[in-house]
Amino acid sequence: MSKVLAVVYSYTGTSRRLAQLLVAQQQWTLAEVREARPRSGVAGTSRCLLDSFFRRSPEIRYDGPNLNEFDAVVLISPIWAYRLAGPMRSFVAAQRASLRDVAVISVMGESGAPNAVAEVTRLIGHPPLMNAAFKSREVEDGGCAGRLQAFGKAVQEARDSSLVVRPSTWSPQAA
Ligand SMILES: Cc1cc2nc3c(=O)[nH]c(=O)nc-3n(C[C@H](O)[C@H](O)[C@H](O)COP(=O)(O)O)c2cc1C
């Protein structure tokens, strides 16, 4: 069975909750990207927006396992201003050489996930195996569980059978 690592960045906790559910469903390992300079309040939100507008890569800390020990990596991150959240941008850029079979999960209020997938594609030089988008509301009310389970199973099966499924979108609203 292939080894899968889920790597999450979360500012307000929603992506982390989704990531915890996913690894519990699939019995995968979870690692977290943290910021060197944690943000909060209005200044923190402004910094999120500026990171997105200028595609900045803020300094991060990652003390999870070496990605090369895993067959696939699932990246889980919020959307900020219709783009990938800055700290996940930093992680992908720093680890691009070790990111071969990748799946992307975006967590958002409404829209922006396709831009995040496009950015990951640009950074790693090839499209992710699969991608999915979940709305914050679905995570908060637990409505994400079934689709998340199906997505995790599909990633595991694609890797186990070395079946190349690229790129496939699991978002009902790929807005
Ligand atoms: C600065 C900022 C910008 C955001 N921009 C968007 C956006 O463009 N589109 C969207 O659907 N949600 C947007 N959101 C909402 C978050 O993506 C959403 O609340 C997500 O669940 C947060 O994940 P987290 O709790 O893991 O940080 C934004 C949130 C913040 C803080």
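**Size.** I started with the radius of gyration, taken over C-alpha atoms. For 175 residues a compact globule would come near 16 Å, and the chain has 15 Å, which agrees. The globule rule I used is 2.2 Å times the number of residues to the power 0.38. Along the principal axes, the C-alpha atoms fill a box of roughly 45 × 35 × 25 Å.

**Ground rules.** I kept in mind that this is a predicted model, where local features need pLDDT of at least 70 and side-chain atom pairs count only at pLDDT 80 or more, while totals for chains, interfaces and linings use all residues. Residues are numbered from 1 along each chain as its sequence is written.

**Elements.** I found 6 helices and 8 strands in the chain. These are DSSP runs numbered from the N terminus (helices H or I, at least four residues; strands E, at least two). From the N terminus on, I read the order as β-α-β-α-β-β-β-α-β-α-β-α-α-β.

**α1 with α6.** How do helix α1 and helix α6 pack? Helix α1 (residues 14-26) meets helix α6 (residues 145-160) at an angle of about 55 degrees, with the axes 10 Å apart. That makes α1 oblique to α6. Axes are lines fitted to C-alpha atoms, for helices over the stretch in contact, and angles run from 0 to 180 degrees between N-to-C directions. Under 35 degrees counts as roughly parallel, over 145 as roughly antiparallel, 65 to 115 as roughly perpendicular and the rest as oblique. On the α1 side I noted L18, L21, L22, Q25 and Q26, facing A145, L148, Q149, G152 and Q156 of α6 (contact: C-beta atoms, placed from the backbone, within 7 Å). By class, this contact has 5 nonpolar, 5 polar and no charged residues. Here Ala, Val, Leu, Ile, Met, Phe, Trp, Tyr, Cys and Pro count as nonpolar, Asp, Glu, Lys and Arg as charged, and the others, Gly among them, as polar.

**α3 with α4.** Next I checked helix α3 (residues 86-95) and helix α4 (residues 113-124), whose axes come within 9 Å and cross at roughly 25 degrees. The two are therefore roughly parallel to each other. R89, V92 and A93 of α3 make the contact with E119, V120, L123 and I124 of α4. I sorted these residues into 5 nonpolar, no polar and 2 charged.

**Ligand.** Which residues are closest to the ligand? They are S10, T14, S15, P78 and M108, in a shell of 22 residues (C-beta atom, placed from the backbone, within 6 Å). α1, α2 (41-53), β4 (72-80) and β6 (102-108) each supply at least two residues of this shell.

Technical notes:
Contact = placed C-beta atoms within 7 Å.
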